[in-house]
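Student: I have a model open and want to walk through it. Can we start with the charged residues and then go inside?
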Amino acid sequence: NEEAQAAAEEIETLNEELQATNEELETLNEELQATVEELTTTNDELQARTTESLNLAAARETDRQRLEDILQGAPSGMLVMDGPDHIYRFANVAGLEQLGRNEGDVLGRAVADVQPEIVGQGYVDVLDRVFETVQPFVGRELLIQHDRNQDGTLEDHYYDLVYQPLSDQNGKVEAILSQSIDVTDRVRARQRARLLPRAAHDEL
């Protein structure tokens, strides 16, 4: 009887321990389930943010491409120069014609490398000032002497010119947009018109 009673007590103790273990496992399982749910929620939030970021990046790229498409077809010269060294990032057809270059000669290179002849004329200094001060530059009928034919001969051309700083979200300049209209024919026509009365007077 004593042995049977001892065995019964031992079984009861084991059952109590087993029940306690089951309760502990149940608690751990609930905590694990809560952790899984929390991780799932966090993952969903990260996925949503990642998707939002990708969509935003895609939208910005679409806007940039649309802008470049518009600039590409503009009748005036459009050039975008990155950073303090003014590295050509974009050049439309009209801009390349004004430079007398193709894209391979221009993109990825600094203004001073593509057109070393304009350095001494002060135009790189103007770009530096626009980049540093965040103030645009506007000039009318500006004389630029450049080697369009790449034969060492400088030609006189007159431009209406705008250098517009392009800033990032923090207001820091990251590039400059150049818009130029070749007005050489207009300037020379006016110069010839001024000479006609003088020539007529000299004939008299």
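Student: Is Glu-141 buried, exposed or partly exposed?
Tutor: Glu-141 is partly exposed, at 27% relative accessible area. Buried means under 20% relative accessible area, exposed means over 50%, and partly exposed is in between, with a 1.4 Å probe and protein chains only. This is a predicted model, where local features need pLDDT of at least 70, side-chain atom pairs count only at pLDDT 80 or more, and totals for chains, interfaces and linings use all residues. Residues are numbered from 1 along each chain as its sequence is written, and side-chain values use heavy atoms, with hydrogens and water left out.

Student: Where does Glu-141 sit?
Tutor: Glu-141 is in strand β3. Helices (H or I, at least four residues) and strands (E, at least two) are DSSP runs, numbered from the N terminus. Glu-141 also has a positive phi of about 50°, although it is not a glycine.

Student: Which residue forms a salt bridge with Glu-141?
Tutor: Arg-190 does, with the closest N and O atoms 2.5 Å apart. A salt bridge here is a side-chain nitrogen of Lys or Arg within 4 Å of a carboxyl oxygen of Asp or Glu.

Student: Which parts does that pair tie together?
Tutor: Arg-190 lies in helix α6 (residues 184–203) and Glu-141 in strand β3, so the pair ties together parts 49 residues apart in sequence. Arg-190 is partly exposed, at 31%.

Student: How many salt bridges does the structure hold?
Tutor: It holds 5 salt bridges. One of them joins Arg-186 and Asp-160, with the closest N and O atoms 3.3 Å apart. Arg-186 lies in helix α6 and Asp-160 in strand β4, so this pair ties together parts 26 residues apart in sequence.

Student: Is Asp-160 buried or exposed?
Tutor: Asp-160 counts as buried, at 12% relative accessibility. Arg-186 is partly exposed, at 41%.

Student: Which residues are linked in a network of salt bridges?
Tutor: Glu-141, Asp-160, Arg-186 and Arg-190 are.

Student: And what does Arg-148 meet in a salt bridge?
Tutor: The side chain of Asp-182, at 2.9 Å, N to O. Arg-148 lies in the loop between β3 and β4 and Asp-182 in strand β5, so the pair ties together parts 34 residues apart in sequence. Arg-148 counts as buried, at 18%, while Asp-182 is partly exposed, at 31%.

Student: Switching to strands. How do β3 and β4 run?
Tutor: They run antiparallel, joined by 8 bridges. Two strands pair if DSSP finds at least two bridges between them. Leu-143 stands opposite Tyr-158 in β4.

Student: How many bridges join β4 to β5?
Tutor: 9 bridges, and these strands also run antiparallel. Leu-166 has Ala-175 in β5 as its bridge partner.

Student: What do β4 and β5 form?
Tutor: A hairpin, with 5 residues between the strands. Gly-171 in the turn has a positive phi of about 85°.

Student: Now the inside. Which residues touch the most other members of the largest nonpolar core?
Tutor: Tyr-88, Val-106, Val-111, Tyr-123, Tyr-163 and Ile-176, out of 23 residues. A nonpolar core is a set of buried Ala, Val, Leu, Ile, Met, Phe, Trp, Tyr and Cys residues joined through side-chain atoms within 4.5 Å. Elements giving two or more residues include β1 (77–82), β2 (87–91) and α5 (123–133). The largest share, 6 residues, comes from α5. A second, separate core has 7 residues, among them Ala-74, Val-80, Phe-90 and Ala-175.

Student: Which residues of α5 are buried?
Tutor: Tyr-123, Val-124, Val-126, Leu-127, Val-130 and Phe-131 are.

Student: What do they pack against?
Tutor: The buried residues of α5 pack against β1, α4, β3, β4 and β5.

Student: And what comes just after α5?
Tutor: Val-134, with a positive phi of about 65°, although it is not a glycine. Val-134 is in the loop between α5 and β3. At 35% relative accessible area, Val-134 is partly exposed.

Notes
Contact means heavy atoms within 4.5 Å.
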